[in-house]
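Here are my notes on side-chain contacts, written as numbered points. Have the model open while you go through them.

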Amino acid sequence: MEYRKIGRTGLSAGVVGLGCEHLDRKPYSVVEETIHAALDNGINLMDLFMPGEVVRANIGRALAGRRDKMMIQGHICSVDLNEQYDISRDLAVCKRYFETLLRCLRTDYIDFGMLFFIDSAADYSAAFESDILEYAQDLKRRGVIRAIGASSHNPTTARRIVESGVVDLLMFSINPAFDMMPPDSDLMKMIGEPGELMTGMNPARAELYRLCEQRGVGITVMKSLGAGKLLSREQTPFCEPLTVAQCIHYALTRPAVVSALVGCASAAQVREAVGYFDCSDAKRDYAPIVGSRRNDFRGSCVYCNHCRPCPKEIDIAAVNKYLDIAKLDESAIPPSILQHYRSLEHPASECIGCGSCEKRCPFGVSVIENMKHATRLFGR
């Protein structure tokens, strides 16, 4: 397992995490084997948004004796109605379900208290401009949650969440198909007919990831497999299906991303997800498939490393990533980005303009100009 720092929290998470949605309505034996397989493979972050008491209690039972080895994203505002999950912004209802989560998990704290499903201006107002946020902040003050986060599928609303300065973690839906959709696309349409909505790299989504990196807000990724459609030859919007490893790698190469939370319903699926670490760079490579669709990413660096090797050994993808973040506000580059850039062994200033990188780039990125821009901004 590889680990990354979670923004400014001081915590670190494995780059592959566990989504627990598919454990709902499963017998305890399946929940236990899945949770234990995750722990045994170094997974230390899981998301649990489901409000049903049975699945919460099963997960709590499976974590017994190992709770300190697993960080939990627990959601505030996730409730159920007729045994189906729903959303409530009623403080009394939200409190009841959050207290039930603690009881079922046999714990007195949740690592990340996530304000649930903030996808619209109305959602933002109901959660961030109300007693719901005050409740979350009080939980943090009392140590019942260690950090405040939020989940969203909409880049416009997610930007407001990040700019509020309240959250340390954003759970966001990221995959190459979603990144090509208009910013205000409805989630169900995105999942249902992704090919019909894909119109090219969405700058609002790319800028959101850079903003999170700039502000020290970590991103955990949901929907990295596109509800399984990206893996299906019949349903993929691309020329051919992606693999689990390619989907994970795409998510992990976005700025600010800490962990791809892969939904698993068995120990075998956990092992398939962590098989990512056994894959070669060639097997992780998503660029040939993603780049096959009408040059939808034309001119945008997707940090795929096809530009390498550089004769001067410059890590071109890393330089481009730090440059993209710095360009959000060139007059106030975050110290952390300056530090990351200055830690590179070979800075952009060493570029000799040979053009070998641009010949290999499948997306037509102006690498040489980017190296010049980075040299001006970072001073080396």
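1. Both F49 and F116 are buried, where buried means under 20% relative accessible area, exposed means over 50% and partly exposed is in between (1.4 Å probe, protein chains only). The two rings form a stacked aromatic pair, 5.9 Å centre to centre with 15° between the planes. For the cut-offs: rings of Phe, Tyr and Trp (its six-membered ring) pair if their centres lie within 6.5 Å, and planes under 30 degrees apart are stacked, over 60 edge-to-face, the rest tilted. F49 sits in the loop between β4 and α2 and F116 in the loop between β8 and α4, so this pair ties together parts 67 residues apart in sequence.

2. A word on the ground rules. This is a predicted model, in which local features need pLDDT of at least 70 and side-chain atom pairs count only at pLDDT 80 or more, while totals for chains, interfaces and linings use all residues. Residues are numbered from 1 along each chain as its sequence is written, and side-chain values use heavy atoms, with hydrogens and water left out.

3. How many aromatic pairs does the structure hold? There are eight. Besides F49 and F116, one of them is Y276 with F277, an edge-to-face pair at 5.4 Å centre to centre and 75° between the planes. Y276 is buried at 3% relative accessibility, whereas F277 is partly exposed at 22%.

4. Two arginines sit over tyrosine rings. R61 lies over the face of Y28, 3.7 Å from the ring centre, and the charged end of R254 is over the ring of Y250, 4.1 Å from its centre. The test here is NZ of Lys or CZ of Arg within 6 Å of the ring centre and within 35 degrees of the ring normal.

5. On to the salt bridges, meaning a side-chain nitrogen of Lys or Arg within 4 Å of a carboxyl oxygen of Asp or Glu. The count comes to 14. One of them joins D123 and R89, with the closest N and O atoms 3.6 Å apart. D123 is in helix α4 (residues 121–128) and R89 in the loop between β7 (84–87) and α3 (91–105), so parts 34 residues apart in sequence are tied together. Helices (H or I, at least four residues) and strands (E, at least two) are DSSP runs, numbered from the N terminus. R89 itself is partly exposed, at 21% relative accessible area.

6. Have a look at R146 and D111 too: their side chains meet in a salt bridge at 2.6 Å, N to O. This pair links distant parts of the chain, with R146 in strand β9 (residues 145–152) and D111 in strand β8 (residues 110–115), 35 residues apart. D111 is buried at 0% relative accessibility, while R146 is partly exposed at 41%.

7. D138 is partly exposed at 26% and R141 exposed at 64%. Separately, R8, K140 and D168 are linked in a salt-bridge network.

8. Last, helix α2 (residues 53–62). Which of its residues are buried? They are V55, R56, N58, I59, G60 and A62. These pack against α1 (28–40), β4 (45–48), β6 (78–81) and α3, contact meaning heavy atoms within 4.5 Å.
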